[in-house]
Structures are given as structure tokens and as C-alpha cells.
Amino acid sequence: MMRVVVTDYTFPALSAEEAAARAAGAEFAAFQCRTGEEVAEAVKGADVAVVQFAPMTRAAIAGLAPNAAVIRYGIGYDNIDLAAANAHGVPAGYVPDYCLDEVADHTTALILSLLRKIPPLDASVRRGEWAAVKIASPLPAYGETTIGLLGLGQIGRAVVKRLAPSGFRFIVADPALDEATAAGLGVERVTADALVARADVLSLHVPATPETTGFVNAERLSRMKRTAVLVNTARGALVDEAALAAALASGTIAGAALDVFTTEPLPADSPLRDAPNLILTPHAAWYSDAAITRLQQLVADDIAAHLAGRPLRRPVPESIAARGGVR
């Protein structure tokens, strides 16, 4: 009998996924795996493995049934060993289009909260102070503020669309962005070095790759404006967390907001927990009630498609499925 396995999930239920599996005559099993070893054991012999945050390792992929597929709940896919999947002929799918508005909304909310100094103002009132200028200064007008984006994909563009009516200036470092497109979007193309040096807000919108991992490190933090803030709703690996905590403690930059982390959940001994002027949210940017429904239904549709011999809806770009190498 065919078998569908969900390795880990943060949803209240898996009704749509289980229904898709049962309708195809497949067994269904769900786990809360954390380690590669747990994943490898859970997916052994599976025809479809659905993963959220757990690592889909070479060993796990090697243990799948012949003609199996891997599907990721979400936009990123850096927790899937794609080289191993391609080597074993395993197509990988993902869901890059279920929460674009939610992530853009969350990013925008974090940016505006940092710029308007909402957390320190709130804390000051709770301490019994009533000193807006003392706490919030310096506080430039939006029209004097430059938003810098590392990467300008769908989410980055949605952030620009949300912020543009407020009069912000925008600079972007993205090698895929041409001059004509930049002009049409009302943004200025710059190098990564210029982005770091000029931005009042540095917002990250790129996947974690060998080139982008650790992009925000101690050296780049030292080149940011002391009044600048950092926002990361993309991937935790983009930021050297110890360097960021040190930069916040020393006043090298003015503040930061993080929704993603190198290790999730955030470890109890993370230096970020004690860093000042830092907003932390628990990988929540993707969330809305509607987004959960969309995500799970699209994954359920992919489960049904693969078990019926049809191609995955959105193959991971580097997957053999995107190159037409499998059914």
C-alpha cells in the first residue's frame, strides 16, 4: 500500500492532507520530527514525504519508496537536500505563493514599528515616563527615510507597494533587477555595499544560499548607520545572530526585528534574548487563517497529484521535476 508521511507541522489538524491520501488508497501518518534521524525513520518507504521545518537529509531521501516525492510546506526549501533528491530521482515541490501578502504585511508592520519607536515608547509609559521626544529621538520623517531591500522578489515588491504611499525612498540590491524594471517600480538599484551603508532600514528578502548565508555579519553591521535598523522575515541563516546581538548592545545599529532564526525554536541561551531594541516574533510572518487553509489545501492537491501520477504543481526550481526529469 502507498504511504504518505508528514514529518512535522504547526497546524491544528491535517484533515485535507489525510483526505487526499485516503482518497488515493494510501496510508497516512503524521509526526513531529526535529532531527534528521527522526525524519529518516519516519519517512522510510514513504511514497510522499511532506516536510515543514525538519531536515530532509540524504539518508531520509535514500529511504523513500521508488518514485516518491518530497513536498515542502512553505516558500523556502533549504531544509531539503536537493542534491540528494536529484541523485535519487525524487521530485521536490513547494508552495511559494500561499502567503505573499501575509509576509509583506508582517514585514511592513515590523518596519513601521521600529521606525516609529513603538517598543521603547510603550516601555517608557509602563515605567511611568511621559517623554516622547527623549525616548523617540532621533525620529526622521518617512519622506527622509531610505528603505533598503536585499532582494526584490514577490514579497519585496509587495513591501515596496505597501510603503510607497508614505513617501519612503527605496534602494535595492538584486542582480536580477534591471534598470528599466527598477525605474518602473520607483526603486534605485545599488550594490550590496551601498545598500548596507545607505539604508535606514535594511530588509532581507533573499533565500539562504552559500552567497547569502551570513550576509549580515559583524563587518557589515559596522558599516551600517548607527541610526539604522534591520528586519529579517526571510531566512535565519542570513544573519550572524551573535554579531547582531553584540551590535545592538553596543549601539552599532539602532534596532532590529527578526521573525526567523538559525535554530527554531529560538534556544534558551540565544544572545538575542537579552539584546536591546530587538523585536522577536516566532516565525509568524506567514500566518493568517486564510493562509493556513491555502497552504494545506495546495499541499493536499500535490499529494493527490503525485499519487495519481501527475506532476507537482510548483516544483522547486533546482529539482529535477522543474527540468522535466520525472513524471
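A: Happy to. One term first: helices (H or I, at least four residues) and strands (E, at least two) are DSSP runs, numbered from the N terminus. Also keep in mind that this is a predicted model.

Q: Good. With those names in hand, where is Asn277 found?

A: Asn277 sits in the loop between S11 and S12. Its phi is positive, about 55°, although Asn277 is not a glycine.

Q: Which other residue has a positive phi although it is not a glycine?

A: Lys117, with a phi of about 60°. Lys117 belongs to the loop between H5 and helix H6 (118-126).

Q: Why does Lys117 count as buried?

A: Buried means under 20% relative accessible area, and Lys117 has 18% relative accessibility, so it counts as buried.

Q: How many bridges join S6 to S9, and what stands opposite Leu149?

A: There are 4 bridges between S6 and S9, which run parallel. Leu149 faces Ser203 in S9.

Q: And moving on from S9?

A: S9 is joined to strand S10 (residues 229-232) by 4 bridges, again running parallel. Leu202 has Leu230 in S10 as its bridge partner. Between S9 and S10 the chain passes through helix H11 (residues 218-223), and this β-α-β crossover is right-handed. S10 in turn has 4 bridges to strand S11 (residues 255-258), also parallel, with Leu230 opposite Ala256.

Q: Which way do the S9 side chains point?

A: Val201 and Ser203 point one way from strand S9 (residues 201-204), Leu202 and Leu204 point the other way, and all are buried. As a general point, side chains in a regular strand alternate between the two faces of the sheet.

Q: Now the sheet of 5 strands: what order does it have?

A: It is an open sheet with the order S2-S1-S3-S4-S5 and parallel pairing. Strand S2 (27-30) and strand S5 (92-93) are at the edges with a single partner strand each, so one side of each is left without a neighbour in the sheet. Strand S3 (residues 48-51) and strand S4 (residues 69-72) run parallel and share 4 bridges, and Ala49 stands opposite Val70 there.

Q: What does helix H13 lie across?

A: Helix H13 (residues 289-307) lies across S1, S3 and S4, at about 165° to S3. Helix H1 (residues 15-23) lies across strand S1 (3-6) and S2, at about 155° to S2.

Q: How many residues does the largest nonpolar core have?

A: It has 53 residues, and Ile147 and Ile303 have the most contacts inside it. H13 gives the most to this core, with 8 residues. Apart from it lies another core, of 32 residues, including Ile171, Leu202 and Leu230.

Q: What does Ile147 touch?

A: Leaving out residues up to four places away in sequence, Ile147 touches Ile111, Leu115, Leu163, Phe168, Arg169, Phe170, Ile171 and Val201.

Q: Changing topic: where are the cis peptide bonds?

A: One runs from Ser137 to Pro138, with omega near 0°, and Pro138 lies in the loop between helix H7 (132-136) and S6. Another runs from Glu264 to Pro265, also with omega near 0°, and Pro265 lies in the loop between S11 and S12.

Q: Last one: how many disulfides?

A: The count is 0, taking a disulfide as cysteine sulfur atoms within 2.5 Å. As for the cysteines, Cys33 is buried at 4% relative accessible area, and Cys99 is buried at 1%.

Methods:
Residues are numbered from 1 along each chain as its sequence is written. This is a predicted model: local features need pLDDT of at least 70, side-chain atom pairs count only at pLDDT 80 or more; totals for chains, interfaces and linings use all residues. Side-chain values use heavy atoms; hydrogens and water are left out. Buried means under 20% relative accessible area, exposed over 50%, partly exposed in between (1.4 Å probe, protein chains only). Two strands pair if DSSP finds at least two bridges between them. A crossover is right-handed if, with the strands pointing away from the viewer, the path from the first strand over the helix to the second runs clockwise. Contact means heavy atoms within 4.5 Å. Axes are lines fitted to C-alpha atoms, for helices over the stretch in contact, and angles run from 0 to 180 degrees between N-to-C directions. A nonpolar core is a set of buried Ala, Val, Leu, Ile, Met, Phe, Trp, Tyr and Cys residues joined through side-chain atoms within 4.5 Å.
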